[in-house]
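Hi there,

Here is the structure I promised to pass on to you. Please have a look at it first, and then read on for my notes.

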Amino acid sequence: MLSDAAPGKLRIVHGDVLTFKIEKAFPESLKRPWEDDPPNVHIIGNLPFSVSTPLIIKWLENISRRDGPFAYGRTQMTLTFQKEVAERLTANTGGKPRSRLSVMAQYLCSVQHVFTIPGRAFVPKPEVDVGVVHFTPLIQPKIEQPFKLVEKVVQNVFQFRRKYCLRGLSMLFPEAQRMERTGRLLQRADIDPTLRPGQLSISHFRSLCEVYRKMCDEDPHLFAYNFREELKQSKSKSQEKDDDKESYVL
Ligand SMILES: C[S@@+](CC[C@H](N)C(=O)[O-])C[C@H]1O[C@@H](n2cnc3c(N)ncnc32)[C@H](O)[C@@H]1O
């Protein structure tokens, strides 16, 4: 009905936004160099919250690679989120909602919580209020390292959000050299180890990512290191030892 009402002006595509190739949806002529003003393509979404949060992570990674919807240039986005997620996306350093999402969004985009829509504006009324967030990709990201590397550092820092940042960062390193290498990372990045995750600014994260990148270049196994795997392996080794003991007793 909508496309009939606006012939030639509106095309409705039925599909899954998680797999739809937006980079093929518009003519090539709309493409703009990255450094120019944003192109005449705007993503507007009011999706279920279970879709919008994984989607923004996927689109942030697309921004870092300048592909997907950002093959047209610095495509702007206006999306809705649960209000608390909108507050995390836009939180400043030291703010209560400061989180992994704040750093991941703000190192790549200028992010603005434009307004909040009260839950009562919707039928049926959701349990939560809705935040409308506007994103404009930055010409120059504030951290110039691969997305996955930034994600790994940020994720590790925020996994112990009430502890000193030292705690989460230490999990980037194998247990055997954990304390020594964490100390070296913090010293080389010139970061106070007793800062809490929420107190770290984007430029603190930039220094941490740069030094961690150098450490990964020096040790090619480091980036693949996952402390959960090490934990699992050491648990299964001690389980094996216990099993051996039991069979001896039997
Ligand atoms: C909150 S409603 C918004 C409806 C309408 N766009 C509006 O703003 O009033 C969310 C809509 O997202 C659609 N949706 C859910 N998952 C989707 C997905 N993976 N891809 C595309 N649309 C999706 C639902 O069918 C539903 O129509």
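Before the details, one cut-off: a residue counts as buried under 20% relative accessible area, as exposed over 50%, and as partly exposed in between. With a relative accessible area of 42%, I12 is therefore partly exposed. Please keep in mind that this is a predicted model.

I12 is found in the loop between helix 1 (2-5) and strand 1 (42-45). Together with L2 and L10, I12 forms a nonpolar patch on the surface, and the accessible area of the three comes to about 280 Å².

**The chain as a whole**

The chain has 250 residues, and buried ones make up 41% of them. Its secondary structure comes to 9 helices and 4 strands, and from the N terminus on the order of elements is α-β-α-β-α-α-β-β-α-α-α-α-α. Along the principal axes, the C-alpha trace spans about 80 × 45 × 35 Å. The chain exposes about 14900 Å², with carbon and sulfur atoms supplying 52% of that area. If you look at contacts between residues at least 6 apart in sequence, 69% of them join residues at least 24 apart.

There is also an annotation to go with it. An unreviewed UniProt entry carries the annotation "domain: Ribosomal RNA adenine methylase transferase N-terminal", which covers residues 1-139. In the model, that span is 26% helix and 20% strand, and its end C-alpha atoms lie 39 Å apart.

In soluble globular proteins, nonpolar side chains tend to be buried together. Here, the largest nonpolar core has 53 residues, and F135, F205 and L208 are those with the most contacts inside it. Helix 8 gives the largest share of this core, with 8 residues.

What does F135 touch, leaving aside its neighbours within four places in sequence? Its contacts include I56, M77, L79, F81, L89 and V111, and T75, Q76 and S110 are also among them.

**Salt bridges**

The model has 12 salt bridges, and I picked out three of them for you.

The side chains of R178 and E230 form one, at 3.5 Å from N to O. R178 lies in helix 7 (residues 178-189) and E230 in helix 9 (residues 227-249), so this pair ties together parts that are 52 residues apart in sequence. R178 counts as buried, at 13% relative accessibility, while E230 counts as partly exposed, at 24%.

Helix 7 takes part in another one: D219 and R181 meet at 3.0 Å, N to O. D219 is in the loop between helix 8 (202-218) and helix 9, and R181 is in helix 7, so the pair ties together parts that are 38 residues apart in sequence. Are these two residues buried or exposed? Both D219 and R181 are buried.

There is a network to look at as well: salt bridges that share partners join E61, R65, D67, K148 and E151. Within that network, the side chains of R65 and D67 meet at 2.9 Å, N to O. R65 is partly exposed, with a relative accessible area of 47%, and D67 is partly exposed too, at 25%.

E61, another member of the network, is found in helix 2 (residues 49-65). E61 is buried, with a relative accessible area of 17%. Not counting residues up to four places away in sequence, E61 touches F147 and K148.

**One more residue, in strand 3**

Q112 lies in strand 3 (residues 109-117). Is Q112 buried, partly exposed or exposed? Q112 is partly exposed, since its relative accessible area is 48%. Beyond residues up to four places away in sequence, Q112 touches T90, V132, V133 and H134. The C-alpha atoms of Q112 and A91 are separated by 9.7 Å, and these two residues are 21 residues apart along the chain.

Best wishes

Definitions and conventions:
Residues numbered from 1 in each chain as written. Predicted model: local features only at pLDDT ≥ 70, side-chain atom pairs only at ≥ 80, totals over all residues. Heavy atoms only, no water. UniProt positions renumbered as here; feature names shortened; annotations may be inferred. Helix = DSSP H or I, 4+ residues; strand = E, 2+ residues; numbered from the N terminus. Salt bridge = Lys/Arg side-chain N within 4 Å of Asp/Glu carboxyl O. Buried < 20%, exposed > 50% of the residue type's maximum accessible area, 1.4 Å probe, protein only. Core = buried A, V, L, I, M, F, W, Y, C linked by side-chain atoms within 4.5 Å. Contact = heavy atoms within 4.5 Å. Patch = residues over 30% accessible without salt bridge, like charges linked within 9 Å, V, L, I, M, F, W, Y side chains within 5 Å. Areas by Shrake-Rupley, 256 points an atom, 1.4 Å probe, with all protein chains shown as cover.
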